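Student: I would like to learn how to read charged pairs in a model. Could we go through them together?

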Amino acid sequence: LKWEFVGGKLEAGETGEAALVRECREELKIEVSVKRPLAVSIEEYPDIKIRLILYECIIIDGKPIFAEHADIKWVMPEEISGFDLCPADRKLIYQLREKDLR
């Protein structure tokens with residue numbers, strides 16, 4: 001029951017960008033245009049290694065609904081410290097705060 005970004009595993013032959021478009025469609029029922037990667041986090045567990053890439057996206061169709069989750073929230077990076085994030089997601093936020101995104 002931790003907060004996390006939209007995402008999932010890559011399917012065979014799928015790029016990270018294509019996977020994000022698919023996951024947003026499946027999880028939030030929206031269509032997005034993926035713009036650029038913003039941060040990367042690698043988290044190692046005893047049985048698995050996870051690589052997360054945070055992308056800048058624009059919603060091009062639909063309004064997000066929580067089809068697969070208990071809740072969704074839009075927050076600014078400076079507001080997210082009050083959320084109980086998964087460790088790999090938290091690393092992405094730290095990187096995002098350090099960047100000048102203009």
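Student: Is Lys91 buried, partly exposed or exposed in this structure, and what is its relative accessible area?

Tutor: In this predicted model, Lys91 is partly exposed, because its relative accessible area of 35% falls between the 20% limit for buried and the 50% limit for exposed residues.

Student: Which residue forms a salt bridge with Lys91?

Tutor: Side chains of opposite charge can pair when their charged atoms come close. Here Glu43 forms the salt bridge with Lys91, and their closest N and O atoms are 2.8 Å apart. Because Glu43 belongs to strand S1 (residues 31–44) and Lys91 to helix H2, the pair ties together parts that are 48 residues apart in sequence. Glu43 itself counts as buried, at 13% relative accessibility.

Student: How many salt bridges does the protein have, and which residue pairs with Lys2?

Tutor: The count comes to 9 salt bridges, and one of them links Lys2 to Asp84, whose closest N and O atoms lie 3.1 Å apart. Lys2 sits in the segment before helix H1 (16–28) and Asp84 in the loop between strand S2 (49–61) and helix H2 (87–98), so this pair connects parts 82 residues apart in sequence. Lys2 is partly exposed at 45% relative accessible area, and Asp84 is also partly exposed, at 42%.

Conventions
Residues numbered from 1 in each chain as written. Predicted model: local features only at pLDDT ≥ 70, side-chain atom pairs only at ≥ 80, totals over all residues. Heavy atoms only, no water. Salt bridge = Lys/Arg side-chain N within 4 Å of Asp/Glu carboxyl O. Helix = DSSP H or I, 4+ residues; strand = E, 2+ residues; numbered from the N terminus. Buried < 20%, exposed > 50% of the residue type's maximum accessible area, 1.4 Å probe, protein only.
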